[in-house]
Amino acid sequence: MKMSKLKFIVIGLITLLIIAVTSSYYLNEKVVLTLGIFVESYWDVPNDNPYAVYDAAIEKFEEEYDDVRVEYYSGFQKDGYPEYIAELALEGNMPDVFMVMKEDFPTYSEIGLLANLDYFISSNHIDLDDSFYKTSYQAGIYDEIQYALPFESVPTFMVVNTTLLEQHGLEIPDETWSWNDFYNLSESLTIDTNGDGMIDQFGSYNYTWQEAAYTKGASIFDEITGEINIDTIEFEESIYFAKKIADLNKKNAVDFLDFDKGKVAFQPMKYSDYSTYNPYPYSMKKYSDFEWNVVPLPSQNGSKEGYLVDTLLMGVSAESSNKVEAFDLLTMLCNDDEIQTLIYTNSQGVSPKISVTESLPIKQDLKNNEAAFDVNIIHDVMLNGANQYKTKNYEEIISFMDTELYRIMNSSDTMILDLALLQQKVVNYIDY
Amino acid sequence: MVENIPYKQRNGNLFLILGLLNAFIILFISGVIMLSLYQIINMKQAQEFLEIIQTLPFTPPYSILFYCITIMVVIFLIMKFRYESNLDESLQLLFFSLEVCLAILLMYILGFSTNAITLLLVADALNSFKEVKIRNRILALLVFLYLLSSPGFLHIFEKISFTTYMSVYNSNFQVVMHGINTALHTFNIILFIVYMISLIQVEVNEGRRVKQLNFRLNALNSKLKDFADISEKMGETRERNRLAREIHDTLGHTLTGLSVGIDAAIMINDVDQIATKKQLQVLSETARQGLTDVRRSVNKLRPDALENHNLKAALKKMIIDFELVSSASINFVFHLEDLKFSLEEEEVVYRVVQEGLTNAIRHGKAENIIISLTLDKENLIILIEDDGMGCSDIKDGFGLYHMRERIGKLNGTLRVYGHQGFVIIAEFKLRKDSQYD
């Protein structure tokens, strides 16, 4: 018995020694971090160097950390990226830091692909409220845990055909405009200009129930339980308003070409879509023979609430063996003012960092330009961005609801009953 | 306690088959999982797969097969080691815990898509641990583990079921794979049940064997008792023979001499009175000699103890001897220090106590015996009381008969009661010359 105890101790000591030797060997090795990114060629915007932001961040990071090297694979496009990440996850070959798309975030959090960042955030004394717009960093929260940080945000604005409004002697709305203002303006702009009995000028295009619901603060999902929650007065009112706006067009099919032709007064547009129209950020493009401007979406009573903001997230792999360094790289990408400023010049989104957006050097230039994109509007919209809904299969649920709501809006007289039915349908759909 | 029977005798073959089947199941599942993961990656279905799972599978895929085989081999080696070396219970428990931990690790690596191995552990535990308390605790723990690791039972362990992996294949292939998987698991359960039944059979057989052995032992015991009785009787017979011979040799001889001498004296009395007188003197001498011989013979019959000690010491010695050979505790009360008994009385007292003790221990199986000797006026009372089985229907056996006979010689009485334990009360009047000194 004593003999075997001694043996155990000896074996234990030898094992410890081996672990110590191997770990010291590995500690002396240069840490290699891998970065998982995709190039947003989504909008086909000409870009000299799509990797400029990442390259700058990596260069700055490697300067600060002598013993860390960062690698990334170039060339992944947005469409193939989730599959690429999923394959790496199954192979156990996850990049240490990687981009997370909004629709994949709940899945990644739930299956444990993303590392819990709460500890790193508090140990690095990062105050999320001070650093980021609330709507942006909250996009990286799942089950009350911060799994990802915002890298880039894309708010949705209302693009206004100012020429059209001026022609009709209407005042161009500011950020405090309400649903009523929007409806009244749209109504008075929806007319048959050439008298052929067909409406050929429209108030709005592409204003959907989602814009209405967000700006009304009608949650599609219960914030606490995450369950679908559309059987509410707020949601009903949102749908009713979206229906009212849609009904103005009297079933005439409006498309984006009508807006391009200057036949539509209002169109909700993502900042990134807007960038498609504007190869050079912040310089207003003159299109056709009309001028246009950008205002926030109309809120229910001018209270500037619930603006739509999409956010591209970045997280640390839960399986990363160098989480501390990986988190430092993550903060370099997301929380460094110098790097984040590059988003405005090299990417199609806006920076989720408050300090960066607030101190945009091009602010003045924009103000001088008559049709400029007011940076204050970006700041305003980002500050009042709605909470992002996060649930697994979010996109599927929304597109399912889209179809159903289209039918309800076009046929129903008993909307609240139909919404109750729809709620049940969606629950069944999720369960299935 | 039945001795631990080596596993080879306890359905070793069945256990081996169960083990091999488990190894095969693990090999099958881990192989399928590994190939499925590569298939998912090749078919560009990784993103879809992530959507339907609750937790990530173990990575990288090839390591699943590698780790599973390694862990399985280690588990078997530990089992082999445990069965072949003679470890004490606590070390057995330690190694068994190691097995359980490895099995949990194995199930974890497989995403809890199979829990077949818990059944092997149950069989192993039943095979290894005999103590009911330990065994029950281990079984409860394993049943708990089995339930937790069952697909669809609670969400304590994050699981990826076999079905989930199958969902990436076309339905024909799914049917075949599900068939194999179900068949393997069903076969595992059947084999486990068969093993359990055979294990129970072994235990039942063991119990039966013990019963038989016990029965035979009892039979031998009673035979031995019969032999003891016979040899006791033979001893008595021998003693009687010796007595007869003694009487024949001494008393018979003397009496014969005396009767012949007396006949001669009668005949010569009328002729020669002087000669007669002489003859009678010789006869008297002979009779006295005969008496001496008889005394000597009787002395020979006295118990050794009485020969060398006084009554109290002899009784004490006897009681100690009885206590030594039985588990009974004997309480001896003797308040007659100053009393002097005749030899005959001493012997009667000694024999009565001896017979009483023998009865109490042999027939009554008594645990506590009280013996008291007291004097009531001129009567000596011997009380022998025990807490044994007693006897509701008392028939005088050899022992009681002898006691009665002995007490009777001293004009005493013997009473026995057998309702609660067994009580013997012997009473006789002491002779005058045996009164206080």
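Helix 12 (residues 343–362) of chain B lies across strand 2, strand 3 (379–386) and strand 5 (422–429) of chain B, and its direction makes an angle of about 15° with strand 3 of chain B. Such angles run from 0 to 180 degrees between N-to-C directions, the axes being lines fitted to C-alpha atoms, for helices over the stretch in contact. The model is predicted, so that local features need pLDDT of at least 70 and side-chain atom pairs count only at pLDDT 80 or more, whereas totals for chains, interfaces and linings use all residues. Residues are numbered from 1 along each chain as its sequence is written, and chains are lettered from A and ligands numbered from 1 in the order in which they are written.

Chain B has 13 helices and five strands; helices (H or I, at least four residues) and strands (E, at least two) are DSSP runs, numbered from the N terminus. Of the 437 residues in chain B, 24% are buried, a residue being buried if 20 or more other C-beta atoms lie within 10 Å of its own, exposed if 12 or fewer, and partly exposed in between, with C-beta atoms placed from the backbone. Among contacts in chain B between residues at least 6 apart in sequence, 69% join residues at least 24 apart; two residues are in contact if their C-beta atoms, placed from the backbone, lie within 7 Å.

An open sheet of five strands in chain B has the order 1-2-3-5-4, with mixed pairing, where two strands pair if DSSP finds at least two bridges between them. Strand 1 (329–334) and strand 4 (413–417) of chain B are the edge strands, each pairing on one side only. On average, neighbouring strands of this sheet are turned by 10° against each other, direction ignored. Six bridges connect strand 1 of chain B with strand 2 (residues 368–376) of chain B in the parallel sense, and Val333(B) has Ser372(B) in strand 2 of chain B as its bridge partner. Strand 2 and strand 3 of chain B run antiparallel and are joined by eight bridges. These two strands form a hairpin with two residues between them, and Lys377(B) in the turn has a positive phi of about 55°. Asp376(B) stands opposite Asn379(B) in strand 3 of chain B, and Asn379(B) in turn stands opposite Lys429(B) in strand 5 of chain B. The pairing of strand 3 with strand 5 of chain B is antiparallel, over eight bridges.

Helix 3 (residues 61–84) of chain B comprises 24 residues and reaches 36 Å from its first C-alpha to its last, close to the 34 Å expected at 1.5 Å a residue; the expected span is 1.5 Å times one less than the number of residues. Its buried residues include Ile64(B), Cys68(B), Met72(B), Ile75(B) and Met79(B). The cover over the buried residues of this helix includes helix 3 of chain A, together with helix 1 (12–42), helix 4 (89–109) and helix 5 (116–128) of chain B.

The contact between the chains takes 14 residues from chain A and 17 residues from chain B. Helix 3 (residues 81–91) of chain A supplies the largest share of the side of chain A that touches chain B, seven residues. The residues of that side divide into six nonpolar, five polar and three charged (Ala, Val, Leu, Ile, Met, Phe, Trp, Tyr, Cys and Pro count as nonpolar, Asp, Glu, Lys and Arg as charged, and the others, Gly among them, as polar).

In chain A, Val53(A), Tyr54(A), Ala57(A), Ile58(A) and Phe61(A) are the buried residues of helix 2. They cover an arc of only 125° around the axis, which puts them on the same side of helix 2 of chain A; the arc is that of the directions from the helix axis to the C-beta atoms. The exposed residues Glu59(A) and Glu63(A) are carried on the face turned away from the buried side of this helix. The buried residues of helix 2 of chain A pack against strand 1 (31–36), strand 2 (68–72), helix 14 (323–335) and helix 15 (337–346) of chain A.

In helix 20 of chain A, the buried residues are Asp418(A), Leu419(A), Leu422(A) and Val426(A). They cover an arc of only 95° around the axis and therefore lie on the same side of helix 20 of chain A. These buried residues pack against helix 11 (233–248) and helix 19 (394–411) of chain A.
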